[in-house]
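Open the model in your viewer and keep the selection tool at hand. We will walk from one stop to the next.

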Amino acid sequence: MSIQLTINKKKVSLDIDPNTPLLWALRDHLSLKGTKYGCGIAQCGACTVWVNGEATRSCVLPLSAVANADVTTIEGLSEKGDHPVQVAWDQLDVPQCGYCQAGQIMTAASFLKKNPKPSKTEIIDGMSGNICRCGTYHRIQEAVKLASEIAAKKKTSSTKKSAKA
Amino acid sequence: MKNSRRSFLQQTALATSAFCLGFDWFKAEGKAGAMVASTVEAGRFNAYLEISSLGKVIIYSPNPEIGQGIKTAFPVVVAEELDVDWKDVEVRQANLDTKNFDRQLTGGSGALKHSWDRLRKAGATARQMFIQAAAQTWKVDPSACKTASGFVIGPAGQKASYGSLASLAATLPVPTEPTYKNRKDYKIIGKRTKGVDNANVVTGKPVFGLDIEKPGMVIAQIIRPPFGATLKSFDATDALKMPGIIDVVSFKNKVAIVGQSTWQVMQARATVSCKYDGQNLESESTHKKWFDEGMVTENAQVNRKDGDFKAAIAKAAKVVEATYECPFISHSPMEPMNFFADVRSDGSVLLAGPTQVPQSAQKAVATLLNRDEKKIEVELSKMGGGFGRRLNNDYALEAAELSSLIKKPVKVMWTREDDMMGGIYRPAVRYHFKAGLDAAGNMIAFYLRGVGLNAGNSTRQDNFPVGAIENVLIESVNQVSSVTTGPWRAPITNFLGYAEQAFLDEVAEAAGKDPIQMRLDWLARVKSNPVGKITYEPDRFIEVIKQAAEKSNWKKKPGVSQGFSVYYSHLSYVAQVADAVMVNGKPKITHITAVTDCGEVVNLSGAENQVKGAIIDGIGHAMFAKLRFNEGVASPSNFNSYRLIRGNEIPTIDAHFVDNGIAPTGLGEPALPPTGGSVANAIYAASKKRLYRQPFDI
């Protein structure tokens, strides 16, 4: 029996073991390799995706649990790679090896949706569920702050535009 | 076409559309290697710099990228001397190419040190050839021409792009002594250059080893035996009946489960049972016994002897002694071990994946399978961290052997548990230090014995403070263990640096001296009259120490306790001051000031990343990481109980660099060794508790 769900705004149908974790469904069956395997037990956050808009660890989430759900992966975060979080990550040169960063970015973007103007402490707490073995934590925290500022500017300029129109 | 390696040689073989300057990044001892200018029609040529007639500059970066930033740093140096704008440069990862590269590896923080002159020469030589080509065209004196942003500019304001000059430039002789930029004119070196892979990383492009997919590829996981055990039998009856499972095969005491997809392989693997034979398998108690025995044996290897330690310690007014110990630890890169291999019936082999030493993989696979090295191709992927783990190609050999057995292209994937329990660890080491002070508090005798489990020589016998002390004895004992070990970021010094710097803090206290002044006094002695052979430069040590004292407001911060350390490794010098305060009765590290002398900083952004990352790495592993062994089996097995440092556990860090213009030295590792020491010494200053083993008990 196949399972239907929406991934990055596209409807997909998967006819595989419904116990398959979403992570492996994405990587092995949909060739979406941006979501990473790090620990397989929801400890490191490398596999973070959004399920119905919520940051979720895909390595322990069976496909059956996301039937008809709306899933967003790093590949679908923005069309042109220009989500404020992606822009901030590049500007502050956050990545070292880069392996954990898709999970960090998906966590950060979800965090900022709920808390668009976070304090420093809120950023630190909000991002501490994700491990970075290279130790890019300072820049991750600075980039979340920068992303919030970029998003705020974008919002102001689009409000201005619509006011003019 | 044969390229002479040591002489300059020109090839003008094919029709012109691009200028290629091949330079041998790693050949020759400190000299620039062979260079080849050439024109090519299309496609890849054995060259590392390519400028098309459209002006696009392509630089091939040969070294494996593990997050140290070499894929950005190397091309920065070429682009600087070539005098092009960074935005016009495209960087591509070169695959293994033993014909043109000698040291195509990542290890020992040695890449920039080895390649600095070659990279500069490559850029400067090409620049000069473009000038020459323009001068010929304009019929002017080349010395009247200059370059800017990829253009040659003539005396009458003529302007020609490198791209337009490419085909003529490629026919000119390659200059042997190009002129270099003055460092004050650098536009890219020393500035912040963002990682060339950032765009791929932030959009989730498949760039890592685990992302590799090849036609017909199957997936495998491998069950490995406890250390020291042999496989007696295994039962895969159930596994073979499970959906998607292709085969279960055994080799070298291992059992490989081969299937169509990762999850199917994981499920099937869980049903396979293995029986092992093994006697005297190692446990924590075994390791303790070996440490105890190693500390008292008469058969230690003597690594350094200055003066007469025994006589000096016998007449010392005061003796300070301490023992330090660290466990085996895993490298735990975020991307676990994995590799792709396709061993084909025609004798060719394709290897692809993350390795710090691709040429070793090629050679080892050739030996293992008795194949011709030349028929083994190695594609390099980006690596999700390495930290030394991928200097060992055990996992690549597994993939090759398995592919040869099942006659299919296969990707072997280690789970996190496999990665943590499957070996190649930082060796466990115990150190014993002894210092003898005279009545004035001067250290007159210094002793160190290191006992390591598969650690080789666990000391660095020529390192400071050796050279400042009259009577020195440094010994090591290596105990052979079945637990596999290998280099872990800053091999040996990652723990030795801590132990030594923590011990010297005790010495300073016993001597009633300031820990910084004590070291400066020793270095003054080294400068005027060193004892025996030294491998470090005292002036560079002195500079980082002085700057760290100044920038950290050493002992001038009210309410803050500070700890100092300084260490020399990989030809670089790093001094650190850690700040600690007591919070709810416990010491907390709030800030670290680091001053690094790694010579010329090529990419400031990358350099800061390396220093801060290494410090965080050093703190995390000093504080938390520990593996134990029970009957040859390691535990813990995953991040739920093997703790890695997180973003809410880090101090703020200031990373400063000495601006001296010396040719660059190592940076991926040197900031780690002093970290445990500065942290332990700050914790002592705050809590009066000395820390003698990792992980710290606070």
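Select residues 338-343 and 410-413 of chain B. These are strand 17 and strand 20, and they pair in the antiparallel sense over four bridges. Strands pair here if DSSP finds at least two bridges between them. Helices (H or I, at least four residues) and strands (E, at least two) are DSSP runs, numbered from the N terminus. Now click B:F340: the bridge partner of B:F340 in strand 20 of chain B is B:K411.

A word on the source: this is a predicted model, where local features need pLDDT of at least 70, side-chain atom pairs count only at pLDDT 80 or more, and totals for chains, interfaces and linings use all residues. Residues are numbered from 1 along each chain as its sequence is written, chains are lettered from A and ligands numbered from 1 in the order in which they are written, and side-chain values use heavy atoms, leaving out hydrogens and water.

**The seven-stranded sheet**

Seven strands of chain B form an open sheet in the order 12-13-10-20-17-18-19, with mixed pairing. Its edge strands are strand 12 (245-251) and strand 19 (376-380) of chain B, each pairing on one side only. Contact means heavy atoms within 4.5 Å. Next, select helix 9 (residues 358-369) of chain B, which lies across strand 17, strand 18 and strand 19, at about 145 degrees to strand 19. Axes are lines fitted to C-alpha atoms, for helices over the stretch in contact, and angles run from 0 to 180 degrees between N-to-C directions.

**The four-stranded sheet**

Move to strands 24, 25, 26 and 29 of chain B. They form an open sheet in the order 24-25-26-29, again with mixed pairing. Strand 24 (561-569) and strand 29 (652-657) of chain B are the edges. Strand 25 and strand 26 of chain B run antiparallel, joined by 11 bridges. Click B:D579, and look opposite for B:H591 in strand 26 of chain B. Helix 14 (residues 538-551) of chain B packs on this sheet, touching strand 24, strand 25, strand 26 and strand 29.

**Helix 13**

Select residues 515-528 of chain B. Helix 13 has 14 residues. Its buried residues include B:M518, B:L520 and B:W522 of chain B. Buried means under 20% relative accessible area, exposed over 50%, partly exposed in between (1.4 Å probe, protein chains only). The buried residues of helix 13 pack against strand 22, helix 12, helix 14 and strand 24 of chain B.

**Aromatic pairs**

Show the rings. Rings of Phe, Tyr and Trp (its six-membered ring) pair if their centres lie within 6.5 Å; planes under 30 degrees apart count as stacked, over 60 as edge-to-face and the rest as tilted. The count is 28 aromatic pairs over all chains. B:Y425 and B:F629 are one edge-to-face pair, 5.7 Å centre to centre with 75 degrees between the planes. Both B:Y425 and B:F629 are buried. B:F464 and B:W522 have ring centres 6.2 Å apart and planes at 65 degrees, so this pair is edge-to-face.

**Last stop: B:Q610**

Where is B:Q610? B:Q610 sits in helix 15 (residues 604-623) of chain B. At 5% relative accessibility, B:Q610 counts as buried. B:Q610 touches, among others, A:Q96 and B:R489.

Technical notes. Expected span 1.5 Å × (residues − 1). Lists of a residue's contacts leave out its neighbours within four places in sequence.
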